[in-house]
Amino acid sequence: MSDYTKYPDVELVRLLKTSDHAAFTEIYNRYFYLLYVHAVKKLQDEDLAKDLLHELFTKLWVRREWPLTAENLTGYLFTLTRNRILDHFSHQKVKARYMDSLKNYMTIWSTSRTDALVRENDLNALINKEIDAMPKKMRAIFVLSRREQLTYTEIAEKLNTNENNVSKQVNNGIRLLKKKLSIFFHFLFLF
């Protein structure tokens, strides 16, 4: 078994391309710490630096058959490290912009949802007020039809009247509500 520590970078790269694990291990041992110190200085995070370098060396092994010049293995590995660091910072910026965008969306959504709930409550209050203002018989029939969901036949039996009268009173109630609420909707869509 050869002593890979004595091999120059050119030979280690040649052996790496032939899937020589020992050559890969020597490259890793030779350069990991140097790259680690460099990455920690840039990232200010030891665990992140380790993760980044492990990904880098994993990629080096996976792509070992790709064209790789060994003229300056140190420069090549430092360039890969620098690019991974820049990718990390770029990803962090995108992530921060996305989070800001999400926070803005949630704020707008929350505000519009609150506004919609307020408008819905206002509309319900107005509808109830207008129903309460209906003539007594119309109001009773309308409430049984719309709130209690009774059929015209059930309402007619309950109030000792005929279905035609129930139908007429419900239609009159709807027409009255439409007329009264049209002002509210006109006002609502102005804003």
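A total of 5 salt bridges is counted in the structure, a salt bridge being a side-chain nitrogen of Lys or Arg within 4 Å of a carboxyl oxygen of Asp or Glu. The structure is a predicted model, in which local features need pLDDT of at least 70, side-chain atom pairs count only at pLDDT 80 or more, and totals for chains, interfaces and linings use all residues. Residues are numbered from 1 along each chain as its sequence is written, and side-chain values use heavy atoms, with hydrogens and water left out.

The predictor's confidence in each residue is expressed as pLDDT, from 0 to 100. The chain has a mean pLDDT of 83, with 91% of its residues at 70 or more. Confidence is highest in helix α2 (residues 21-43), at a mean of 93, and lowest in helix α7 (residues 163-190), at 77. Helices are DSSP runs (H or I, at least four residues) numbered from the N terminus. Where pLDDT is low, the predicted coordinates should not be read in detail.

Side chains of opposite charge can pair when their charged atoms come close. A network of salt bridges links D9, E26 and R30. Because R30 belongs to helix α2 and D9 to helix α1 (residues 9-16), the pair ties together parts that are 21 residues apart in sequence. R30 also forms a salt bridge with E26, the closest N and O atoms lying 3.3 Å apart. E26 and R30 are 4 residues apart in helix α2, and therefore separated by about one helical turn.

Accessibility is classed by relative accessible area (buried, under 20%; exposed, over 50%; partly exposed, in between; 1.4 Å probe, protein chains only). D9 is buried at 17% and E26 is buried at 11%, whereas R30 is partly exposed at 23%. A further salt bridge joins D3 and K6, with 3.9 Å between the closest N and O atoms. Here D3 is partly exposed, at 38%, and K6 is exposed, at 69%.

A pocket is an open set of points on a 1 Å grid over the protein atoms alone where a 1.4 Å probe fits, with protein on both sides within 12 Å along at least five of seven lines; lining residues have an atom within 4 Å of a point. The lining of the largest pocket comprises 10 residues, of which K59, L60, R63, Y76 and L80 lie nearest its centre. Two or more lining residues come from each of α3 (46-62) and α4 (73-132).
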